[in-house]
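Trainee: Could we go through this structure together? I would like to begin with the strand pairing.

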Amino acid sequence: MQFVDIPRAAPDVPRDGWDRPLVIPKEGGKPKALTRTTTFIDAIEDKTALAAWGRRMTLVGTARRPSLLEAARELDPENPEDKRRLNALADRAVDLSGAHDKRERGTHLHTLSEYVDRGEPLPASASPSDVRDMAAYMAETTAFDVRAVEQFVVVPELGTGGTFDRLLSYSGPGPDGEHLEGLFIGDLKTGSVEYGALKMASQLAVYSRGEFYDYGLHPVDAADKKALASWKRTAVPAAEAAKAYRPLPEVSQRWGIIIHLPAGTGECTLYWVNLEIGWRAAVLARDIRQMRGVRTAMRPWVSRITQALAA
């Protein structure tokens, strides 16, 4: 593996209260909120298993901290203020259940994988489990040259923005044994991939059709509320706005690569994902999201009485 040093886009892209990235439109104007890529494609996902998992974790967290039940006992789930309090208590219960531990572990492995890609030794704080995971990662990714890491891209066609893990150069057998050569969007997954094939294919398909966006050309300190509010009101001329955008190199829109590294297992597996199928799913997600905004599917019943009253 060879790591090619490409400057990263600024990691702290400003976001609104719904965690949507704020970017200057390519045609110029005021900052615009984009839908996160992962949120956008959620429209096609069956969340039955995820919802059941959330209920289980809430129950586990409540069992570990019974005082949460006492705090919830007097709250009215129909009262707007109590709703917010109940949501906060439920979030606290999920956190206490350890539900987010794997996510934090995954973030840790993502950071360590960059050391491997750069050919640098792991930090002294790396555990024996970390070393086993990274050895597996190194062994399975030797066929790739890393061309970019953690790049933020936007897809104006869908109104989405998100960050892909890797841009990989590869030459060798493809999914059907045929020779493939070129650049591929890669994504490192540290959790289960058992049920997420379509979502992952869609996610990478969206990234493959994006444009690099350099937030650093129009920065703002998002922690400074006054500065952020002023920045959101400021229109940028089209010629200046366009400078923040750069096309992706000729990346495959047919295939993407999933690097599956389950945390703590010392095992790494590679998968091809079909981006043509993924893009069809992304377009379907767009249509579903648009239909959710339709407000004319049901109309009031009109009778002679209501007509007379209206008259």
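Mentor: In this predicted model, β9 and strand β10 (residues 269-274) run antiparallel and are joined by six bridges. Strands pair if DSSP finds at least two bridges between them; strands are DSSP runs of E, at least two residues, and helices are runs of H or I, at least four, numbered from the N terminus.

Trainee: Which residue of β10 is the bridge partner of W255?

Mentor: N274 is the partner of W255.

Trainee: And how many bridges join β6 to β9?

Mentor: Four, and these two strands run parallel. K189 stands opposite H260 in β9.

Trainee: Is β9 mostly covered or open?

Mentor: Mostly covered, as six of its six residues are buried (under 20% relative accessible area; exposed is over 50%, partly exposed in between, with a 1.4 Å probe and protein chains only). W255, I257 and I259 lie on one side, and G256, I258 and H260 on the other.

Trainee: Changing topic: which residues are buried in α6?

Mentor: S129, D130, D133, M134, A136 and Y137. They fall within an arc of 155 degrees seen down the axis of α6, so they line one face of the helix; the arc is taken from the directions from the axis to the C-beta atoms.

Trainee: What covers them?

Mentor: The cover includes α5 (101-118), β5 (160-173), β6 (179-189) and β9 (255-260). Exposed P128 and A139 are on the face turned away from the buried side.

Trainee: What conventions apply here?

Mentor: Residues are numbered from 1 along each chain as its sequence is written. Side-chain values use heavy atoms, leaving out hydrogens and water.

Note on methods: Predicted model: local features only at pLDDT ≥ 70, side-chain atom pairs only at ≥ 80, totals over all residues. Contact = heavy atoms within 4.5 Å.
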